[in-house]
Amino acid sequence: MKIRFWGARGSLPTPLSNKNYEQKIRAILEKASNADLSTPLLRENFIQELPFTERFLVGGNTACIEIRADNKILILDMGSGLVELGNYINRYEQNDLPLDFHLFISHSHWDHIVGFPFFKPAFLPQNTLTFYTPFSDFKERLEYQQDFRFFPISLNHIAAKKNFITLKPNAEYQLDDIVIQNIKQYHPGGSYGYKISYGGKSLVYATDSEYKNLRNNFLDKHRAFFEGTDLLIFDAQYTMEEALHKEDWGHSTAMQGVDFAISSGVKKLALFHHDPDNDDYRIYSILRRAIEYKRTNYPTSPLEILIAREDLILTL
Ligand SMILES: [Zn+2]
Ligand SMILES: [Zn+2]
């Protein structure tokens, strides 16, 4: 399975500010002032060795992840990152042949569907889009998003063939050799997590989910869902302090991700759904604190923790 992140931000698309851009330039120049940059190779090495906050952008696009498995294109959520994915496919992969897209939707909050009206492959009649979600009125929700009061082109005018499949909640769905399980999560309006398994590997996408001990077995159910997965993509929008003040807002923390990942034997934890108020430096400090938390509480754990960012590609 090949996984590519096209949007890792939560709540609202968040472009890089001039202030943050300058901050990065200053930090790079500071490091460059003592470096030998006299040849193209030395300059390239210098770039490759820059720390995370200067080498990368977390990116401002909201939730969208592409998965390639079994010669299929699966997409998790249609946040603003879907626009870039569509542009990429349009430029490099689309030709006269039809393409099939399998879109798995966690829920219909704006940050998870806002990219769809701008998804270029949807405007080509040879393509097929299949939407999967346990929300049985999902088509209606998309039509509503594209009502003329909010958007100039209605869903009916989108040329690609559209199929809507209502998944049974907390159940399993088979797409040839790919198995997709879903789990109901605690979130305002409801949301679903997905576990995608193929070729002996699996990933879990668990965003827009708050973990409170609502019922005795609530946390156990989630732990069982995460059990042994190779990659857990986890809602890490809040710090512990913020989470205390934002009960019932429907999100969780990096530390909860670490606890879940370790008790479920997860191999890699990707912190996801970054708060739009957090710049790259703050998101990186959340990662450092999560790593420190793991070191203190689970010193022998081999868990790898990383930041989900745009253009990050992982292979399972
Ligand atoms: Zn969200
Ligand atoms: Zn949400």
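Author: The expected span of a helix is 1.5 Å times one less than its number of residues. In this predicted model, helix α4 (residues 81–92) has twelve residues, and the distance from its first C-alpha to its last is 17 Å, close to the 16 Å expected.

Reader: Which residues of α4 are buried, and what covers them?

Author: A residue is called buried if 20 or more other C-beta atoms lie within 10 Å of its own. In α4, G81, L82, V83, E84, L85 and G86 are buried, and the cover over the buried residues of α4 includes the strands β1 (2–7), β2 (64–69) and β3 (72–76).

Reader: How should I read the open sheet, and what is its strand order?

Author: Two strands pair if DSSP finds at least two bridges between them. Here seven strands follow the order β7-β8-β9-β10-β11-β12-β13, with mixed pairing. Because β7 (172–175) and β13 (304–307) stand at the edges with a single partner strand each, one side of each is left without a neighbour in the sheet. Within the sheet, β8 (residues 178–185) and β9 (residues 191–198) run antiparallel and are joined by seven bridges, with V179 standing opposite S197 in β9.

Reader: Which strands does helix α10 touch?

Author: Helix α10 (residues 280–297) packs on the sheet and touches β12 (268–272) and β13, its direction making about 170° with that of β13.

Reader: How far apart do the C-alpha centres of domain 1 and domain 2 lie?

Author: Those centres lie 32 Å apart, and the contact takes five residues from domain 1 and four residues from domain 2.

Note on methods: Residues are numbered from 1 along each chain as its sequence is written. Chains are lettered from A and ligands numbered from 1 in the order in which they are written. This is a predicted model: local features need pLDDT of at least 70, side-chain atom pairs count only at pLDDT 80 or more; totals for chains, interfaces and linings use all residues. Domain bounds come from an automatic or database domain assignment. Two residues are in contact if their C-beta atoms, placed from the backbone, lie within 7 Å. Helices (H or I, at least four residues) and strands (E, at least two) are DSSP runs, numbered from the N terminus. A residue is buried if 20 or more other C-beta atoms lie within 10 Å of its own, exposed if 12 or fewer, and partly exposed in between; C-beta atoms are placed from the backbone. Axes are lines fitted to C-alpha atoms, for helices over the stretch in contact, and angles run from 0 to 180 degrees between N-to-C directions.
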